[in-house]
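Here are a few exercises to work through with the model open. Try each one yourself before reading the solution.

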Amino acid sequence: MLLAVLNRSRELCLKRYEKELFDAQSHMALYRKYSYFLSESSMRVYEAIYAWRDHVAREEDESPRFVLPNHQMFKIAESPPSDTHALFRLCQPVIPPFIKSLGAELVDIIKRAHKVRQAHLSSTHSSTHSLIYPLSVSS
């Protein structure tokens with residue numbers, strides 16, 4: 001029995017974890033899974049929050065759901081906050097650590113996404129990335 005456990009453990013250790021790829025439609029899989037209905041402007045906010053969450057999670061080597069849980073992401077997209085205090089109220093009762101530290105950045109991204117016209121968005125990752133991080137260099 002112990003040998004079988006050790007063999008299964010060895011097999012598991014040989015598996016390599018690979019993060020999901022991010023593309024222009026990554027947010028849609030989660031959207032469909034939760035069966036939410038968002039208005040056009042809320043959808044742009046959701047897409048921006050999703051991309052921001054993915055970016056932060058990869059930079060910090062954390063789970064996207066640790067950065068911002070799914071239910072809170074939808075709640076924020078439905079009622080975009082105008083400042084960090086409103087963002088923190090939406091995340092009650094437990095405000096995720098990255099929201100505490102990067103809340104102002106997220107509010108700025110939400111404001112920009114809320115204002116962007118649909119015509120300015122294309123279906124490429126670079127357009128979403130430039131909406132969220134307009135001054136950064138894409139790799």
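**Exercise 1.** Work out whether R65 is buried, partly exposed or exposed, and find what R65 touches.

*Solution.* Start with accessibility: R65 has 49% relative accessibility, so R65 counts as partly exposed (buried is under 20% relative accessible area, exposed over 50%, partly exposed in between, with a 1.4 Å probe and protein chains only). This is a predicted model, where local features need pLDDT of at least 70, side-chain atom pairs count only at pLDDT 80 or more, and totals for chains, interfaces and linings use all residues. Residues are numbered from 1 along each chain as its sequence is written, and side-chain values use heavy atoms, with hydrogens and water left out. Finally, leaving aside residues up to four places away in sequence, R65 touches R53 and N70 (contact means heavy atoms within 4.5 Å).

**Exercise 2.** Find which residues make the contact between α2 and α5, and sort them into nonpolar, polar and charged.

*Solution.* On the α2 side, pick out L30, Y31 and Y34; on the α5 side, N70, M73 and F74. Now sort them: five are nonpolar, one is polar and none is charged (Ala, Val, Leu, Ile, Met, Phe, Trp, Tyr, Cys and Pro count as nonpolar, Asp, Glu, Lys and Arg as charged, and the others, Gly among them, as polar).

**Exercise 3.** List the buried residues of α7.

*Solution.* Run along the helix and you collect F98, I99, G103, L106, V107, I109, I110 and A113. Then look again at G103, where α7 bends by about 75 degrees (the angle between axes fitted to the seven residues ending there and the seven starting there).

Definitions and conventions
Helix = DSSP H or I, 4+ residues; strand = E, 2+ residues; numbered from the N terminus.
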